[in-house]
Amino acid sequence: MRRASTLIAASLVATSLGFAFAREYRDPLLFAAIAAPANVSYAGVVQVLHIGSRASEADVYRVEHRAPNLTRRDYEAPAALAGDTVVSKGDLIFSLDAPKHRIVEARNDAVNDARVLNSEYELLSENYRVEHRGDDTVAGRRTVDLALINKYSHRMTMLVRIDAASKIALDRQEFGPSGVLVSETRFEQIRYAQVTESDFSLPKNFAVVRDPTLAETPAQPDAVVPSAGFAARAPHELPDGFAPVEGDFVEMHGVRMLHLLYSDGIRTFSLFESGTASKLEAAETQTQSMRIGDRSGEYAEDAATGVLSWSDGSVQYTLVGEVGLVNLAHLAQSITP
Amino acid sequence: MNETHPSIEHIVDYLHGELSPAEDAAIYAHLASCPECDGKRNEEVAITEALRAYAHATERDMPPGLAPRIRSVAMQAQPAVWQRFVTGFRPVVMVPVAAALAVAIYIGYDSWHHAATPTSIQAASYVNNHAAMAASAPFGDAAPPLTLTSDDATR
């Protein structure tokens with residue numbers, strides 16, 4: 001619900017800026033695919049691939065979903081995640097850490113709320129037109145393929161293969177600004193069956209650790225920026241089609257940060273801000289120094305996701321997203337000209 | 001997930017309640033599931049209890065009337081101004097003063113040093129937080145398993 005109000009507001013802002021709702025681009029099949037998880041229960045195996053310029057990453061998990069909003073994912077790969085389980089129940093999400101016998105409880109932002117779905121579809125349909133690209137077969141089921149074309153760049157940003165019968169998106173490929181594949185999420189197996197509620201029960205002998213910021217209430221970015229407690233600021237310019245979606249506070253390594261999320265309906269980026277200086281580190285790749293105006297910054301990639309961090313002397317800024325380094329650098333300039 | 005054992009210093013800090021809430025919860029959960037670390041915790045508790053018991057057992061009361069006699073002698077012996085000035089440079093005064101200055105300088109330097117050293121944050125921590133909030137975008141990725149950054153979010 002909270003996301004609905006934010007997204008509806010974002011849509012209104014976009015409209016007031018002159019974006020006309022492109023209703024002619026609306027596609028019933030696309031909307032049915034976005035809404036399908038709220039109506040269809042299933043179990044299967046999903047493979048996720050993120051392809052970066054320096055490193056790539058693959059996850060495999062078993063999934064059980066009971067409509068509308070119970071989902072359990074049991075990770076099988078990579079080794080670092082194998083054995084981990086994530087259970088989402090409505091607006092809460094629980095990460096089960098078996099070796100430590102504990103459950104980390106956090107807020108679930110992926111809520112299948114009808115108003116949220118409508119608002120998110122509205123944002124997507126403002127920025128993308130739909131092209132039907134024929135049929136295919138995924139996990140043994142016939143699919144109808146839709147290409148989502150960005151109306152500013154005229155490039156395909158996503159290809160979605162939708163189960164012709166259930167309308168579940170069985171395969172989705174996302175393409176970067178240069179047109180290369182950056183990620184794919186694909187069902188390797190799927191069966192549609194009633195999933196029992198007991199499959200989502202949490203172990204009783206595990207200690208429950210609440211995410212430190214669970215009690216924080218997300219709001220519109222414009223509303224949370226003034227309450228940051230330091231001189232936080234939002235970007236002056238956004239990439240074509242992007243709108244503010246949500247803002248809240250998070251904590252990383254004891255550093256409290258303002259977190260603002262922006263989206264164009266498919267692609268997203270986050271801006272983190274803190275009044276405490278921090279240094280960006282990358283586990284598997286070197287950070288790369290770069291200039292942001294007359295300031296120095298650090299850039300790193302985590303699979304296909306770029307992370308750009310810099311300071312203006314009083315506030316530490318970090319941009320995160322799969323929108324490309326050029327867009328991240330341009331955004332950075334607009335935040336601290 | 002990688003199973004890492006807390007250091008003995010962490011366990012001692014845990015016993016003394018000197019950890020952040022997240023670290024405290026993490027160690028609490030770890031001790032509940034790790035007999036080895038729980039054993040170390042019990043050893044520390046036993047050592048602390050033994051020291052406390054020894055301190056109680058060896059406490060001695062001052063002889064009756066000693067404190068009033070000391071106070072009385074101190075009140076009678078009022079040194080001249082020059083004597084007090086010279087007394088100020090005696091080792092018994094100067095050593096504690098020097099020690100206090102050294103501690104103050106060390107703490108001051110240490111605080112300044114820590115303030116000047118920014119916290120290191122892994123790119124993966126930012127990406128996980130971003131992914132969690134972006135999970136509701138149409139056709140967005142499922143939110144990754146949440147880790148507490150006190151555990152070190154590199155995975």
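Biologist: Read along the sequence, which pattern does chain B follow?
Modeller: This is a predicted model. In it, chain B holds seven helices and one strand. Along the sequence those elements give the pattern α-α-α-α-α-α-β-α.

Biologist: What pLDDT does chain B average?
Modeller: The predictor scores its own confidence in each residue, from 0 to 100. In chain B, 54% of the residues score at least 70. Where pLDDT is low, the predicted coordinates should not be read in detail. The average for chain B is 71.

Biologist: What ipTM does the predictor give the complex?
Modeller: Two scores apply to the complex. The pTM is 0.69. The ipTM is 0.83.

Biologist: How many residues of chain A are in contact with chain B?
Modeller: Chain B brings 41 residues to these contacts. On the chain A side, the number is 63.

Biologist: Which element gives the most to the side of chain B that touches chain A?
Modeller: Elements that each supply at least two residues to that side are α2 (21–33), β1 (119–122) and α7 (123–134) of chain B. By class, that side has 25 nonpolar, 13 polar and three charged residues. The top contributor, with 10 residues, is α7(B).

Biologist: Which strand of chain A do four bridges join to β1(B)?
Modeller: The two strands run parallel. A:Lys279 stands opposite B:Ser120 in β1(B). The chain A strand spans residues 278–281 and is β16.

Biologist: What percentage of the residues in chain A count as buried?
Modeller: Chain A has five helices and 20 strands. In chain B, buried residues make up 25% of 155. In chain A, with its 337 residues, the share is 42%.

Biologist: Among contacts in chain A between residues at least 6 apart in sequence, what percentage join residues at least 24 apart?
Modeller: Take chain B first. Among its contacts between residues at least 6 apart, 54% join residues at least 24 apart. For chain A, the corresponding value is 52%.

Biologist: Which strands stand at the edges of the 12-strand open sheet in chain A?
Modeller: The order is β7-β8-β9-β10-β11-β1-β2-β3-β4-β5-β6-β12, with mixed pairing. Each edge strand has a single partner, so one side of it is left without a neighbour in the sheet. From one strand to the next, the twist averages 20 degrees. The edge strands are β7 (128–138) and β12 (207–210).

Biologist: What is the bridge partner of A:Asp171 in β11(A)?
Modeller: Strands β10 (169–175) and β11 (181–191) of chain A pair in the antiparallel sense. Five bridges hold that pairing. In β11(A), the partner of A:Asp171 is A:Arg186.

Biologist: Is A:Ala304 buried or exposed?
Modeller: A:Ala304 is found in the loop between β18 and β19 of chain A. Beyond its neighbours within four places in sequence, its contacts include A:His50, A:Val182 and A:Glu322. A residue needs 20 or more C-beta neighbours within 10 Å to count as buried. A:Ala304 has 23 inside 10 Å, so it is buried.

Biologist: How far apart in space are A:Ala304 and A:Gly324?
Modeller: In sequence, A:Ala304 and A:Gly324 are 20 residues apart. In space, C-alpha to C-alpha, the distance is 9.1 Å.

Biologist: Which strands are among those that cover the buried residues of α5(A)?
Modeller: Helix α5 of chain A spans residues 325–335. Its buried residues are A:Asn327, A:Leu328, A:Ala329, A:Leu331, A:Ala332 and A:Ile335. The cover includes β17 (288–292), β18 (295–302), β19 (305–311) and β20 (316–321) of chain A.

Biologist: Which residue does a cis peptide bond join to A:Pro68?
Modeller: A:Pro68 has its place in the loop between β2 (56–66) and β3 (70–77) of chain A. Omega of the cis bond is about 5 degrees. The residue joined to A:Pro68 is A:Ala67.

Biologist: What is omega for the cis peptide bond of A:Ala77 and A:Pro78?
Modeller: A:Pro78 lies in the loop between β3 and β4 (85–89) of chain A. The bond joining A:Ala77 to A:Pro78 is cis. Its omega is about 0 degrees.

Biologist: What is phi of A:Lys167?
Modeller: A:Lys167 lies in the loop between β9 (156–163) and β10 of chain A. With 20 C-beta neighbours inside 10 Å, A:Lys167 counts as buried. Although A:Lys167 is not a glycine, its phi is positive, at about 75 degrees.

Note on methods. Residues are numbered from 1 along each chain as its sequence is written. Chains are lettered from A and ligands numbered from 1 in the order in which they are written. This is a predicted model: local features need pLDDT of at least 70, side-chain atom pairs count only at pLDDT 80 or more; totals for chains, interfaces and linings use all residues. A residue is buried if 20 or more other C-beta atoms lie within 10 Å of its own, exposed if 12 or fewer, and partly exposed in between; C-beta atoms are placed from the backbone. Two residues are in contact if their C-beta atoms, placed from the backbone, lie within 7 Å. Two strands pair if DSSP finds at least two bridges between them. Axes are lines fitted to C-alpha atoms, for helices over the stretch in contact, and angles run from 0 to 180 degrees between N-to-C directions. Ala, Val, Leu, Ile, Met, Phe, Trp, Tyr, Cys and Pro count as nonpolar, Asp, Glu, Lys and Arg as charged, and the others, Gly among them, as polar.
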